Amino acid sequence: MATNGHSGYPLKWFKEQNAARSSFECSICLEVLKDAVQVGDCGHQFCAQCIEDILKSDPRCPSCRIRISKQNVFKDHAARRLIKKLDVNCCNDGCSWIGSLGSLLEAHMNSCRFLVGNKNNANQSDAIAELQARFESLVLKVSSLEKVHKNEMEEVNSKVLQRENELKQLKLKHETDLHNLKSEHDEEVKELKDQILFFGRYTSLPATSGQSLEQLRQNLTVSIALTIPNFTHKLNQARSSNQLGEIHGDPFNNYHGYRMKIAVHVNEAPRGSTGYMGVYLYLLQGDNDDKLEWPFNKRVTFIVVDQQNNEAFVHNHEKDLHPGGEEQFEKPMFGRINQGRGFSQFVLHSTLRKRQYVRNHTLYIAVSIRP
């Protein structure tokens, strides 16, 4: 029996896979127990997330089928300690590190030099390398053209007494060509840098509470702001009951220091936009508010992430929000909750059924806040 996706620790991480499987395999997701829990009446062990998902639809133990409730399920601290002592390989391609699972999660994962930010795209590092190669090719092209230009200028200068007028015209022509080429080069380089930043760096949001404004500004500008598991079920439930199906993400501080959250209405039909999903940005009170510019005026891009493995065919669904001084973007004050601002017709339900916007019943909403 398997849940949508893998709730446990992947078995392939573990150095002794047979031992890990025989002692700590979750019979629901078939991976190694994550946040191990135990059913009090029968003693069977599961991942906390796995059993929680199962109990929502079937209040019975998946192994022995006795009736249980959430109150019968307890944290298995002994199993958790033993699992964290098991030896694992680093989960990042190219890294040869081996150590305990606890060390991997608590220290190595954040310092591994092979770490790739986007956990949904296994071929991401190759794509970034390709973009870097294109960037270097452009730099080499400009350098070669500058050398050609220099040689031609030296040749013209040797004949300056005889061809002064021609030299002026030629110099003007080459300076104009070089200026145009550099302008085109700078624009393409900027586009490539934006792609490198955007293309391979969706991450789960970092823990931003308690960070200073300087620390926040070291974070990435593009992040997964809201993960919606069991999306298909939630959409069907909202449509059948004619409800908005409102889902709010956890608050986070963005690159600039603003505190915010993302909310989604999976079904906008009750508000007149039948067949659409809506998305909204909320500004919240934060520790950095007195140091920031108000009203909030950064361009916000809402993104439905295309989860395809082949980067060449990825096509995210995006829509830009341009704040223009509306009251929703004024400085949040104590006792006043800012209303959300966004799009009630963000994306059609029929569009979400195309490509791989929903994969393993999970939808990712990313947000990009421009500098």
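Predicted model: local features only at pLDDT ≥ 70, side-chain atom pairs only at ≥ 80, totals over all residues.
Residues are numbered from 1 along each chain as its sequence is written. Local features need pLDDT of at least 70, side-chain atom pairs count only at pLDDT 80 or more, totals for chains, interfaces and linings use all residues, and side-chain values use heavy atoms, with hydrogens and water left out.

**Exercise 1.** Describe the surroundings of F114.

Solution. 
- Step 1: F114 lies in the loop between α4 (101-111) and α5 (124-157); helices are DSSP runs of H or I with at least four residues, strands are runs of E with at least two, and both are numbered from the N terminus.
- Step 2: With a relative accessible area of 27%, F114 is partly exposed, that is, between buried (under 20%) and exposed (over 50%), using a 1.4 Å probe and protein chains only.
- Step 3: Beyond its neighbours within four places in sequence, F114 contacts N92, D93, G94 and C95, where contact means heavy atoms within 4.5 Å.
- Step 4: G94 is 20 residues from F114 in sequence, yet the C-alpha to C-alpha distance is 6.5 Å.

**Exercise 2.** Determine how β11 is covered and paired.

Solution. 
- Step 1: V300, F302 and V304 on one side, and T301 and I303 on the other, are all buried.
- Step 2: β11 pairs with β12 (residues 317-321) in the antiparallel sense over five bridges; pairing requires at least two DSSP bridges. V304 stands opposite H317.
- Step 3: β15 is also an antiparallel partner of β11, over five bridges, with F302 bridged to V367.

**Exercise 3.** Find the residues with the most contacts inside the largest nonpolar core.

Solution. 
- Step 1: A nonpolar core joins buried Ala, Val, Leu, Ile, Met, Phe, Trp, Tyr and Cys residues through side-chain atoms within 4.5 Å.
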